[in-house]
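Here is a briefing on a few pieces of one structure. Keep the view open as you read, and find each piece in turn.

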Amino acid sequence: MTQSSAVNQQYKLSVVSGGKPILPRYANSSSLNKSVTCLTHDLLNYIVPFNNQLKIYSIETRQCIKTIKFANSDLLMSIFSDDDTFVTDIKLGNIVDTSNGNAIDVNDKDITIFTNHGYIVVLQYKGKLLENPLNFKLDLNDGEFVSKIFQDEETGATKVLTTKQSDIKSSLFTYNLYSLSFNDNKLQSKLDRSFENTILSTWSTNDKFLALLHESEGKKQLSIASVFDVLEEVKSFPVSSILSATTSTGSANSRYVTSMAIDNTNSQLALGFASGVITIVDVSDLKTRLLKWHIDSVLSLAFTKDGSYLLSGGWEKVVIFWQLSTNLQQFLPRLNGVMIDCQSIGNDKYYSLALQMSENRSNSDFQLLLLNAADLKSSLSINGPLPVFNSTIKDSVQLLSAVSTRTSTNISKASMSKKKQKKKLLKSKRQDYTTCIEIHPTSKHLVFPHMSAIQTYDFYRNEQIAYQYLTSGINNSMGKVRFELNIRDPEVVDVKFTKNGKWMITSEIEYPPADLLSSKDLIYHLKFWYKNDQDSDWALKTKVINPHGLNVPITKIISCPYSVNNSEGCITADNNGGLKYWSYEDHEKNWCLTKISLPNFNHFSNSVSLDWSQDGSLVFHGFDDKLTILDFDTFRKFETSDNDKIPNEYTLDTEIQTIKLVNSSNIIIATQTTLCSLNLLMGKIINSFDIYPFVKGIYKNGHLDRLISCDEKSGKIAIVINRQVKDESGNPTLKHKAQIIAFNSDLSNRLGTFVHNEYVSWIGWNHDTDFIFLDTESRLGIVGTTVNTEMLDEVNTTSVFEGSTNRDTFASELKKLSDSKSTNDDEMEDINLEFINGNTNDKTINMNSFTSMFENVQNVQMYTLFDRVMKVIT
Amino acid sequence: MPSFSQPFRLAVLPKILSLSNVETQISSLQIADDFSLESNKITIGISGSTISQYIINPTPSLVFNVPIPSTNNVTACNIGHFVSDTDGSKLECWAYGLSYNKNHTLNISIKTSDDDKYATSGGEVVETYSQKCDDKIEHIKINEKEKVIVVVLKNGLIQFYDFTLKLLKSVNVMYSDISFVEHFEEDGKQFAIILSNIEGKKISFKLYELFTNDKTSINELSSTILEDADLGESQICYQFGKIYRLFEDRLYIYNLPQCQLQQTIELPFIQKKDSDVLSFSPIANNRILLTVNNKIYLLDLVHNSILAERDLSHVKVYQLLKSIVVPSKGENKNSKTIAIGVSIKNGPSPISSLEVINVDVGSGTLKDSLGKSFQVANVKKNIPLQSLFPEDETIYAKGEQKSFDYKNILQELQNNKNDINKFDDIFFKKLNIMKEYYTEQDRFIYDQKFLSDVLDLIFSAFKKDYPRALTFLLTHPLFPISHTRNLLTKFRNQPRLFKQAVVTCPNLPLKELLAELFTITNGELCLDISLRILQDYTRDSIKQELKTLSKVDIQNFIEFVIDTDSEDKSQFNPQLFQLLSLVLDASGLFALEEETLEKLSAYIDNQVNVAERNNRLWHLLDENSDKRSTLNQANDQNVLQTKSLSAYSVEYLEL
């Protein structure tokens, strides 16, 4: 085994970052309190469950202070290894330990988490992760999931609410309430009560009351139950009884309850309707009054602790505070997403909101907000990476609106669309859930184009850095309701950075209004943005409308290497074989179109790929099944005196999906059927692999590019192969697994194959030694090695390819060396150290005499070293 | 583009044994540092003869020389220009080291200097000095600014002299066998590299910085010992922070300042490691000149390619003495430079002469190296399409064959080349081809060499009736380019294959397609070919190719297109019309005959009429909706329209 491969073997895969906040009851249409978060007793920390970890935020510093990663504990790993397992509730304190009764210990570090599959684990939110945390498993019936844990503050009694879908087709659920007890560390559960045919459910914030909307004998009935006092009479009344008082006539929307809330004293019940009306019901006498402001479905409602305020929210992206005594309203507008859940927590000191950025239909993007109740300023804003997948992934759910639109469902289609989606996910050959991400070359931040904005995400800190709108749309300033939901805001489809990191290049699509003759005439924008290091936002410098002409899309953007115009340039390609070179020109103080290669007017293809040799002399253009080599100086096909010997065009077997120039001699080409490495200097294909079974028809043209990445420093290649998992009988399931294969620069040596248990949507090189990938669960992982290859005897050959930069490193190293020596000399004179004088010359020995020897000591044999020491001292 | 010119002779060397011996030749000739593109001069210390200065342009000729005793070897030689302290006249300081047996002297001649770089007048010597040295002088460097001569002796002493040969300072480098010294400047500072032999195949590398504080200051910056490297048998050169060491057929590249081995390159064109006469010299960033006997190569060491090579057939051996390095930085994008070498003529009485060769070093980019690699391809002959997961058997269906024994199949085909049916049987069965045309099932037939062999076989064995295998091959996307030439002419009498080739065969040459297009009269084929041309080639390349075609062809084509009488015209109109416009663009309207021009004009008028008529009809249909929209506009006028100033300007590009 050669030395280099020994190092490469240390490539490792680990999922370390990313993830998205979990709204455990989000997928359950009957549950209205969607989100689960936990504020500690001292009101300093906020615990948020993610799909891959628990994150603990400090409210004061607004930073994540601790993460409990499931992958770091064997127990948690085994519990959460199943994809559909998630944290469904978090309770403070060790719920198992009933020794100190119900007294609340502020310094208690324990938390108890519950999963939907009935696992109960006691963890600590401060200090080290316990190696063997206490854990239990609740026995559940098939299809029954834990939904909520009720805890009586006075008695310390614990009850568990589970849900079970009555049958697959209906949206009715059976709710079971169990009481839990722990005796001698044994878990016992007893079924207290069962609620059949439940449509909607909610509970009071003090865990005492449960309000349910259920169907009995074809009629909708509202019931309120006390959770702990089983004997207490259930208040029950038909929905029609409160409707008749308000709207006897009207559309289905005005009778369809979309949201409910009950206050802590069981005196008021709030009902939100699809039409936007909120009805407050006085529980004692069933008197009602109406609160009208919303014009689309009310998606969330919550009472404050004392019941004097009601919070409501929905599509408008506004929180409304209703002062119930006066009917006065207060507003908090311009949230980032549609408000799907709200709670008043911490003795009304904080409001916790859950928002969904519903514009992204491919994924459910959640943001959790913690608002300070005093000034309504946000204390925490929590979300994961926000990728936009090519097609809708399995877990995403569309929100309910009064009308059915592209981004929402209405009451009649809600269950239909879900089934349709599932069928599509299972049966469709095309399984393209790839996404577009770019890594900033200097800050190493991940940048996600997110509809009309970009999100900047720090992989290493695992936090969002910035969220900036790049286009002008309705979304940016307000929520859209009803038919407005059909208006498509401009979308950022591609982001690139110049190699020096100073410029951002974005490509956008603007959609004309729907249902017009011109609806298909999309407008394409190319924008150039600038940012200084101290700025937080990118500033627009140049905008080009339809850069390749009317109705011509930008299929590919590539930024230029350092050697061209100080890296401030890029090439854009269209779907017709045309290329344009844009560069920042100092004399114009603007980005200019500098070179054009005209398109071929009769041939269209979206399989366009581009790459650029690092010395800037050649541009490689893959268009359909042809790879053309262009001379960048002339911006035409490369011509030499003997083109027969040196081909300037290669025809591949199928459409070229991506090309990656890995070093100065090899180009990796992925077509629909093969992955091959072409040696440009020899003009030969050196290695090729069959990728047809994993690629053909599965990805949209050109999207395979997102799953192949190249380490531009070492020339290593990583490719992702996603495969649908089949069940025992060979039928496709909703699950995927991914294999990431790392190759050396000419594909002759496989450096490693890694398996990830979820569909990987994107892989990219982090401008260092590693590859970063993102899966459909928004988790970020890393395939990499931290071994410093420069320690090797023979420094990796590819570093030579940086040409001019290599030369600069020599100059700077030399300067450093010469500077350090001259200062040493000064010191020597100043301090006038004691020295031993050699016999034969006037050389002095001091603390600096041997330093040069150790700068390169690792390859020197012992006697050589000794020889050198002797030379210095004699 | 990188290239060499034919070398020209600077001077014939005197017939001295050491000068005509291949081994000692290089060490007997010492070139001073004033050899540069600007100076137009070259100063050479020729052992046993003279220290001579030549001008290169316009005609190489001797300008001045200082004779030396015929027994003495010149071991080092250099030149410095300075201005006299006394009268301000321009002077040159020639310093050279001489050796005779164990006598080593450092000599200086101060002579007057002429500003004109083309002047052939020599000037005169005004002063001379001489100084005895302890050991052989390995290298001389003159610092013109400080007026200091830095002399490195073989025994490890670095000595500083002034221009009157007064010893200013002497430093010991600790190693006694110095055999390579190089001075260079970086960022305005002076540095020196000293390599010395250590017993047991080792080399000591030391990097010094000179003249930092005063004119005799010297600092050691780094020191490295290279193991397993023999300085005596290697050739060394330095360039831009790298040391190159040539040993046998390998080139080692060391990165400074720490002298780490960065890369080892094998030079396969050095065949006889022992007897080949090698010499090399840096020429530009990452590029070196290398001579092997009488061949000269320009090598790119980043891409491992031969940028240019030249056979100097008029001489037996050519060895490089020095070359002018093209600066890697700065505005000057000049890529032309010169190198000087010494050659030995063919024939019984060897005559050596100094010869200068012009070199264009190119840009050093991938562009220059494309397809010129000198690396031996360690590529297997057949590159099979490999499976990504060889261990996973579920990926492929059972019957799917992934590798073929091409050699045997070809042999079998060869044996059955007389029986067309058997040939087909073998071809389709052995390669497991299900359909008569290429499908993705056949993607494992990936070897272009095999495809091209089979094609060769088919074309040699069958003349009239081609096997079905050929139809399959014509649909294969990897149909070798080499066989697309003259393919269409071969199929002239095979309309089915002709059409197949036009429709599916990749990489058909444009020239042939156009030729076919202009001669064919079949409407359907015409459509196919025109579609093919427009799909595969850009308008630019079509125009380019059209320009080379004969006028008669073009005339015929135009008439064919505008011939309104021909049947089924309407269906392929758009493509042909587009081609017509390309033809007109390429040849120019005025190149046409008047008669054709008139016909063309009538034809176009006719087309315009049709377009106008369609337009009118369309407007007629659209009128209703127009009315409605004007109504809306009237209402809109009530709305106040305010124009806001835009934050940025918008420019529309007309392209």
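In this predicted model, helix 10 (residues 510-519) and helix 11 (residues 523-536) of chain B have axes that come within 10 Å and cross at roughly 150 degrees. Angles over 145 degrees count as roughly antiparallel. Helix 10 of chain B and helix 11 of chain B are therefore roughly antiparallel to each other.

**The helix pair in chain B**

- The crossing of helix 10 of chain B with helix 11 of chain B is left-handed.
- Helix 10 of chain B brings B:Leu510, B:Leu513, B:Leu514, B:Glu516 and B:Leu517 to the contact.
- Helix 11 of chain B supplies B:Cys526, B:Ile529, B:Ser530, B:Arg532 and B:Ile533.
- Sorted by class, this contact between helix 10 of chain B and helix 11 of chain B holds seven nonpolar, one polar and two charged residues.

**A four-stranded sheet in chain B**

- Four strands of chain B form an open sheet in the order 7-8-9-10, and their pairing is antiparallel.
- Strand 7 (73-83) and strand 10 (125-133) of chain B are at the edges. Each has a single partner strand, so one side of each has no neighbour in the sheet.
- From one strand to the next, the twist averages 15 degrees.
- Strand 8 (residues 90-100) and strand 9 (residues 103-112) of chain B run antiparallel and are joined by 10 bridges.
- One pair to find is B:Tyr96 and its bridge partner in strand 9 of chain B, B:Asn107.

- Is strand 49 (residues 666-671) of chain A mostly covered or mostly uncovered? It is mostly covered, with six of its six residues buried.
- A:Asn666, A:Ile668 and A:Ala670 point one way from strand 49 of chain A. A:Ile667, A:Ile669 and A:Thr671 point the other way. Residues on both sides are buried.
- Strand 48 (residues 656-661) of chain A runs antiparallel to strand 49 of chain A, and five bridges join them.
- Within this pair, A:Ile656 stands opposite A:Thr671 of strand 49 of chain A.
- Strand 48 and strand 49 of chain A make a hairpin, with four residues between them.
- Strand 50 (residues 674-679) of chain A also pairs with strand 49 of chain A, in the antiparallel sense and over five bridges.
- A:Ile668 has A:Ser677 as its bridge partner in strand 50 of chain A.
- Two residues link strand 49 of chain A to strand 50 of chain A in a hairpin.

Conventions: Residues are numbered from 1 along each chain as its sequence is written. Chains are lettered from A and ligands numbered from 1 in the order in which they are written. This is a predicted model: local features need pLDDT of at least 70, side-chain atom pairs count only at pLDDT 80 or more; totals for chains, interfaces and linings use all residues. A residue is buried if 20 or more other C-beta atoms lie within 10 Å of its own, exposed if 12 or fewer, and partly exposed in between; C-beta atoms are placed from the backbone. Two strands pair if DSSP finds at least two bridges between them. Axes are lines fitted to C-alpha atoms, for helices over the stretch in contact, and angles run from 0 to 180 degrees between N-to-C directions. Angles under 35 degrees count as roughly parallel, over 145 as roughly antiparallel, 65 to 115 as roughly perpendicular and the rest as oblique. A crossing is left-handed if the near helix is turned anticlockwise from the far one by less than a right angle, and right-handed if clockwise. Two residues are in contact if their C-beta atoms, placed from the backbone, lie within 7 Å. Ala, Val, Leu, Ile, Met, Phe, Trp, Tyr, Cys and Pro count as nonpolar, Asp, Glu, Lys and Arg as charged, and the others, Gly among them, as polar.
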